[in-house]
Amino acid sequence: MALEMSSSVQGVKALLTLSGELDGSSAPAVRETVDRLLSSSPSHLVLSVEKLSFMASAGLRILIFAKQKQPSLKIYFVKPQETVVETLKKTGFYQGVYITDSENIDEAAG
Amino acid sequence: MQERTFPGTLDALEPIRKFVSEAAEAAGMDRSAIYNLCLAVDEIATNVVLHGYEEAGLSGEMSVSAAVGPENLVIRLLDHGKPYDPNYHDTPSGDDLSRPLEEREIGGLGILLALDGVDDLQYEVTDRGNEHRFFVQLKKSSR
């Protein structure tokens, strides 16, 4: 299943919805989109990933890229699938991101 | 044993995962084990394409085969790029894994997930090419 994405910026919050499979083939386009979203210096990057069924290390490298570009950035994973959470845990990324059930992160996690 | 040949490009990753996933499902593996195996093969195949072929200025194919035995499933990935042994590649240490994301190295994460995703990952340069062998033990209860 190919990767589909859509993005928007709402104030200080950049929202990126990813569905399908994020691998080495689809990662460059995602990285480009993240780069573009960060140009407005949002404080929150909200990744809506309920329908993201696969994420390879290429996805993790995008998170590193985003944090290196903007160290104060808070990265949220909204409704990640269990397999994606496992990958975040195995690689130590779990502590560096916020996992939440709602895109409305002001209420969910602040 | 089933075998299929794919081009040595990133476009092949998705069909390779599908091939591996179908073989793992036929072998009776559970969903989580199937995902981890697909991730392991995907990470290695990505390295083969990027480092074994593209970076080395080479092009070629990748052959993937699946063989089910009484106790395990073995996936073989054969390529003809620059040899690259995942077992001798640096993977992040425990200290590295607890660093803030902005201080993390981008290398080694794929190998870490590949080694973690299977029971054994062997590598050998043979006269047929570079061969990665992914072993997954099959649980009796799931057969």
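In what order do the five strands of the open sheet in chain B stand, and in which sense do they pair?

Reply: This is a predicted model, and what follows is computed from it.

The open sheet of chain B has five strands in the order S1-S2-S3-S5-S4, with antiparallel pairing. At the edges stand strand S1 (2-7) and strand S4 (120-126) of chain B. Each of these two has a single partner strand, so one side of each is left without a neighbour in the sheet. On average, and with direction ignored, neighbouring strands of the sheet are turned by 20° against each other.

Within the sheet, strand S3 (residues 72-79) and strand S5 (residues 129-137) of chain B form an antiparallel pair over eight bridges. Leu78(B) has Glu131(B) in S5(B) as its bridge partner. A helix also packs on the sheet: H2 of chain B, residues 31-54, touches strand S2 (61-68), S3 and S5 of chain B. The direction of this helix makes about 15° with that of S3(B).

Chain B is in contact with chain A, and the contact takes 22 residues from chain B and 20 residues from chain A. On the chain A side, the elements that give two or more residues are helix H2 (57-69) and helix H3 (82-90). H2(A) gives the most, with seven residues. By class, this side of chain A has six nonpolar, nine polar and five charged residues.

H2(A) also packs against a helix of its own chain. Helix H1 (residues 27-38) of chain A and H2(A) pack at an angle of about 20°, and their axes are 10 Å apart. That angle is why H1(A) counts as roughly parallel to H2(A). The crossing of H1(A) past H2(A) is right-handed. From H1(A), the residues that meet H2(A) are Ala27(A), Val30(A), Arg31(A), Val34(A) and Leu38(A). Their counterparts in H2(A) are Ala58(A), Gly59(A), Ile62(A), Phe65(A), Ala66(A) and Lys69(A). This contact between the helices has eight nonpolar, one polar and two charged residues.

As for chain A as a whole, there are four helices and six strands, and along the sequence the pattern reads β-β-α-β-β-α-β-α-β-α. The radius of gyration of chain A is 12 Å, close to the 13 Å that the globule rule gives for 110 residues, so chain A is as compact as a globular protein of that length. The C-alpha trace of chain A spans about 30 × 25 × 20 Å along its principal axes.

Conventions. Residues numbered from 1 in each chain as written. Chains lettered and ligands numbered in written order. Predicted model: local features only at pLDDT ≥ 70, side-chain atom pairs only at ≥ 80, totals over all residues. Contact = placed C-beta atoms within 7 Å. Nonpolar A, V, L, I, M, F, W, Y, C, P; charged D, E, K, R; others polar. Axes fitted to C-alpha atoms, helices over the stretch in contact; angles between N-to-C directions. Parallel < 35°, antiparallel > 145°, perpendicular 65-115°, else oblique. Left-handed = near helix turned anticlockwise from the far one by under 90°. Pairing = 2+ DSSP bridges. Rg over C-alpha atoms; globule rule 2.2 N^0.38 Å.
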